[in-house]
Amino acid sequence: MGNPPPPPIISPGNAKGRLSRTISSKNNNAKKLKPLHWLKLSRAVQGSLWAEAQKSGEASNGSSNFNHGRKSTTQGSAAPKSDKVQLIDHRRAYNCEIMLSKVKVPVNELMKSVLALEDTALDADQVENLIKFCPTKEEMELLKGYTGEKEKLGKCEQFLLELMKVPRVESKLRVFSFKIQFSSQVSDLRKSLNVVNSASEEIRNSVKLKRIMQTILSLGNALNQGTARGSAIGFRLDSLLKLIETRARNHKMTLMHYLCKVLIDQLPEVLYFSKDLASLEPASKIQLKFLAEEMQAVSKGLEKVVQELSTSENDGPISENFRKILKEFLRFAEAEVRTLASLYSTVGRNVDALILYFGEDPARCPFEQVVSTLLNFVRMFIKAHDENCKQSENEKKKAAESDKPKMGASKESERLSRNPIKSGNT
């Protein structure tokens, strides 16, 4: 029978070439597919098909063709991409990375700036964002339990690890935030307190306003003579706003208009009393409860600085520079807050004195009500005075116009008497 014919010789090179062409033709479609999440073998066991493929070079060459245009290793296979290890909640990690992208400072440099309390390194909003991303107890446990390579961790995880190197990092960041905002916070508070103080003093020291108040009392007593409201020794402050509601019998004039007329005749020098009250309008935009809250926030912030300075004594070398800078800041800040607290107490006394000046009870009539009432009174007074002036001008114009025909007639008779019309032929 003879020996059977030998099988056709297929060289590894031929097989490799056909495989390469097949994969290359499918390359465009392959790009549309999702990655294959397999469990890869990092070592080819002797005798396995992967070992044979490795010997013939098929796997490497095929991969090389499939990943056409990508970087390959010296053996021609694609470099495996190491997946990042994510331990933190996805949404929190994503938001953390957005925050870090805006800071533009490497994380390790960032913490050096924080520990050096460098005001110029970060602004208050950035520090507040860092505080939001301080690691929670659960996150710290997760990160402490991670034993893999640090480089494989995501940006958020690496950032949290840097924060964890600093003892009580959140407390230190809050101290840093307080230090950054301290000067502007104190300056704004002092400015508002001074406005309130000025308004209180201007109102109480205005002789013109006092004369107007006395004139209103006299008018009111004259109008209320013989009634239960008569013979008053004073009136509630909100009565000032009722002057515009009280009208004359002909309904054309209010008591406010009448007051202005009386003052023009008898006390013209007090008409522009509002010029004495330059701080009245700025003071009307301030609420004392917010100033109290600001004062409390500054005091509490200072307490936190003192507390952190004391606690950080046990931090060791990492907080040495931090403590030195914080001590200097504390000396300056305590002096500023003492001065501010003194001004705050003075303003409180002056506000009470202002309320009592109008015969009101400080417990029932707040500063804001006093200032608001006086500001409305000033505006209504000015409006009534302007309306009186316009009315007076209109009356003068009407009087002048009504006089024109009379003046014209007398001039005509005078001309005629000088030039009498002659009768007869011309």
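Student: What share of the residues of the protein count as buried?
Tutor: This is a predicted model. Of its 426 residues, 32% count as buried.

Student: How many helices and how many strands are there?
Tutor: The secondary structure comes to 16 helices and zero strands.

Student: And the contacts? What part of those with a separation of 6 or more is between residues 24 or more positions apart?
Tutor: Such pairs account for 76% of the contacts in that set.

Student: Let's pick a helix. How many residues does α11 have, and how far does it reach?
Tutor: Helix α11 runs over residues 207-223, which is 17 residues. From its first C-alpha to its last it reaches 25 Å, close to the 24 Å expected at 1.5 Å a residue.

Student: Which of the residues in α11 are buried?
Tutor: The buried ones are L209, I212, M213, T215, I216, L219, G220 and N221.

Student: Another helix, then. Where does S113 lie?
Tutor: S113 is part of helix α6, which covers residues 107-115.

Student: Is S113 buried or exposed?
Tutor: S113 is buried, because its relative accessible area is 10% and the cut-off for buried is under 20%.

Student: What does S113 touch?
Tutor: Leaving out residues up to four places away in sequence, S113 touches E118, A121 and F176.

Student: Remind me what a disulfide is?
Tutor: A disulfide is a covalent bond between the sulfur atoms of two cysteines.

Student: Is C156 buried or exposed?
Tutor: C156 counts as buried, because its relative accessibility is 1%. C134 also counts as buried, at 6% relative accessibility.

Student: Which residues line the largest cavity?
Tutor: Its lining is made up of R236, L237, D238, E360, C365, Q369 and T373.

Student: And by class, what does that lining have?
Tutor: The lining of the largest cavity has three charged, two polar and two nonpolar residues.

Definitions and conventions
Residues are numbered from 1 along each chain as its sequence is written. This is a predicted model: local features need pLDDT of at least 70, side-chain atom pairs count only at pLDDT 80 or more; totals for chains, interfaces and linings use all residues. Side-chain values use heavy atoms; hydrogens and water are left out. Buried means under 20% relative accessible area, exposed over 50%, partly exposed in between (1.4 Å probe, protein chains only). On a 1 Å grid over the protein atoms alone, a cavity is a set of points where a 1.4 Å probe fits but cannot get out, and a pocket is an open set with protein on both sides within 12 Å along at least five of seven lines; lining residues have an atom within 4 Å of a point. Ala, Val, Leu, Ile, Met, Phe, Trp, Tyr, Cys and Pro count as nonpolar, Asp, Glu, Lys and Arg as charged, and the others, Gly among them, as polar. Helices (H or I, at least four residues) and strands (E, at least two) are DSSP runs, numbered from the N terminus. Contact means heavy atoms within 4.5 Å. The expected span of a helix is 1.5 Å times one less than its number of residues.
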